[in-house]
Amino acid sequence: MDVSNDITARHLTADEVPLLRPLLTELHKHHNAVSPEFSGVFPLVSPDRELPHIAEQITKGEARVEAFFAGTDLVAFSVASQEYGLGSIDLVYVAPEYRRRGLARRAVELSIEFLKDNSVRLIDIHVVHGNVAAKRLYESMGFRLRSEVLAMKVCWVFQIVDPGWEW
């Protein structure tokens, strides 16, 4: 699917899920930056566990990754999954130099299409506290606050996501 003159979109196969690692690492850094109360706790699940899980879900038909490319470079993605009639848009990320071009909105729209095609009754999208831009986007698309989850940091996570990156 053609998104713009220089950006194309397609679904990733299970074998291509490792392509997400660099942008997933950037997403975790972004979450640490925008969430002052929880800076340092991301990722909650290491990419070494998360990426194989996404691939397995794709293989089972329970998930889809919408991927956006500038040439051969992955510049944005979303991950949607469904189970028991409930849908979730688990991850959305756009590289900074490609923001404000409608890629996040399009990624969410494609994720919603996948979930509707799988007859879900409800779609959740999680937003890290402090990610105001993402929350504004999702609300403009019809998402509304359904519940609030309170959390407490009880220990520091010492996952190495990017060598040399200090928590």
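Visitor: Helices (H or I, at least four residues) and strands (E, at least two) are DSSP runs, numbered from the N terminus; where is lysine 29 found?

Guide: Lysine 29 belongs to helix H1. This is a predicted model, in which local features need pLDDT of at least 70, side-chain atom pairs count only at pLDDT 80 or more, and totals for chains, interfaces and linings use all residues. Residues are numbered from 1 along each chain as its sequence is written, and side-chain values use heavy atoms, leaving out hydrogens and water.

Visitor: How exposed is lysine 29?

Guide: Its relative accessible area is 21%, so lysine 29 is partly exposed (buried means under 20%, exposed over 50%, partly exposed in between, with a 1.4 Å probe and protein chains only).

Visitor: And how far is it from valine 41?

Guide: Lysine 29 and valine 41 lie 10.0 Å apart, C-alpha to C-alpha, with a sequence separation of 12 residues.

Visitor: Turning to the sheet, what is the strand order?

Guide: The open sheet has five strands in the order S1-S2-S3-S4-S5, with mixed pairing (two strands pair if DSSP finds at least two bridges between them). Its edge strands are S1 (7-11) and S5 (122-125), each pairing on one side only.

Visitor: How many bridges join S4 to S5?

Guide: Four bridges join S4 (residues 86-94) to S5, and the two run parallel. Serine 88 has aspartate 124 in S5 as its bridge partner.

Visitor: Which residues of H4 are buried?

Guide: In H4 (residues 132-140), Ala134, Leu137 and Tyr138 are buried. They pack against S4, helix H3 (103-117) and S5, where contact means heavy atoms within 4.5 Å.

Visitor: What is exposed on the other side of H4?

Guide: Val132 and Arg136 are exposed there. Just after H4, glycine 142 adopts a positive phi of about 105°.
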